[in-house]
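Me: I am new to this structure. Could you show me how to read it, one feature at a time?

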Amino acid sequence: MKKLILGIAALAACVNVDAASITVAGRTFDSVQMVDSVISGSGVFQTSLADDVGVYSNEVLRVVTDNDPESYAFSWDPGAFLELGFTDNILFNGPGADLMVVETGVPDFFRFSLSVGGPSLLVETSFIGERGATTRLSINPVFIDLSDLGVGLNAAVTSFVLGMDYSHPLYDTEPSLSMAVALNSRLVDPPSTSVPEPASWALLLFGLPLLAFQQKKVFV
Ligand SMILES: [Ca+2]
Ligand SMILES: [Ca+2]
Ligand SMILES: [Ca+2]
């Protein structure tokens, strides 16, 4: 019975999954469209939560997957990069720009690629305004079209790599990643474990009255 109740709760959670909407850089999107995981990387990172943390630290994960453009991570290390993944949604090559990467501080450059060591594009972010009453952090988005890396129309991408070691030629600064959002995004199918099996449905429909009857019988 406890298992069945948990099953029902999981189903309800799937229906209401992450419905928060966020507006950044003039784009309104659902939080499910955000990047979800740090798959791999290199470098020691400085973040808005803690300094000198590793690729797999909670701080790096949090600042790149939260819904907050004011939390960020950067690295001074040559070769620094982050490979980021989507788990509850899929990025695909639709019309126009497919991915928005947001950066803060001096507008900088990322090396964007689809795999570690794969062909890359140097993409430059642009300052569009400030955010935060006290922090007044700059918001510098860059909009990336997967077609520019040869991805076919409607083809899906579940991860990508941001090289974060390109120093700005004028300011000698490195990019500070604050968020990455799939603009062309599809939901992935919910895990099958969250849906009660037919046998469970049968129990739900026919077993509950029986259980109620049995319980009543015990206490009468
Ligand atoms: Ca997501
Ligand atoms: Ca952030
Ligand atoms: Ca596109």
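Reply: Start with one facing pair. Met-100 stands opposite Val-181, a residue of β15. Keep in mind that this is a predicted model.

Me: Which way do β8 and β15 run, and how many bridges join them?

Reply: They run antiparallel, and six bridges join β8 to β15.

Me: How many residues of β15 are buried?

Reply: A residue counts as buried when 20 or more other C-beta atoms lie within 10 Å of its own. In β15, seven of the seven residues pass, so the strand is largely enclosed by the rest of the structure.

Me: What tends to happen to nonpolar side chains?

Reply: In soluble globular proteins, they tend to be buried together. Here, the largest nonpolar core has 36 residues. Val-64, Val-101 and Leu-162 have the most contacts inside that core. Several elements each supply at least two of its residues, among them α2 (58–65), β8 (99–104) and β14 (159–163). β15 gives the most, with five residues.

Me: Which residues does Leu-162 touch, leaving out those up to four places away in sequence?

Reply: Its partners are Phe-81, Leu-82, Leu-84, Val-101, Phe-110, Phe-112 and Leu-177.

Me: What share of the contacts between residues at least 6 apart in sequence join residues at least 24 apart?

Reply: The share is 72%.

Me: And how many helices and strands does the protein have?

Reply: Three helices and 16 strands.

Key. Residues numbered from 1 in each chain as written. Chains lettered and ligands numbered in written order. Predicted model: local features only at pLDDT ≥ 70, side-chain atom pairs only at ≥ 80, totals over all residues. Core = buried A, V, L, I, M, F, W, Y, C linked by C-beta atoms within 7 Å. Buried ≥ 20, exposed ≤ 12 C-beta atoms within 10 Å, placed from the backbone. Helix = DSSP H or I, 4+ residues; strand = E, 2+ residues; numbered from the N terminus. Contact = placed C-beta atoms within 7 Å. Pairing = 2+ DSSP bridges.
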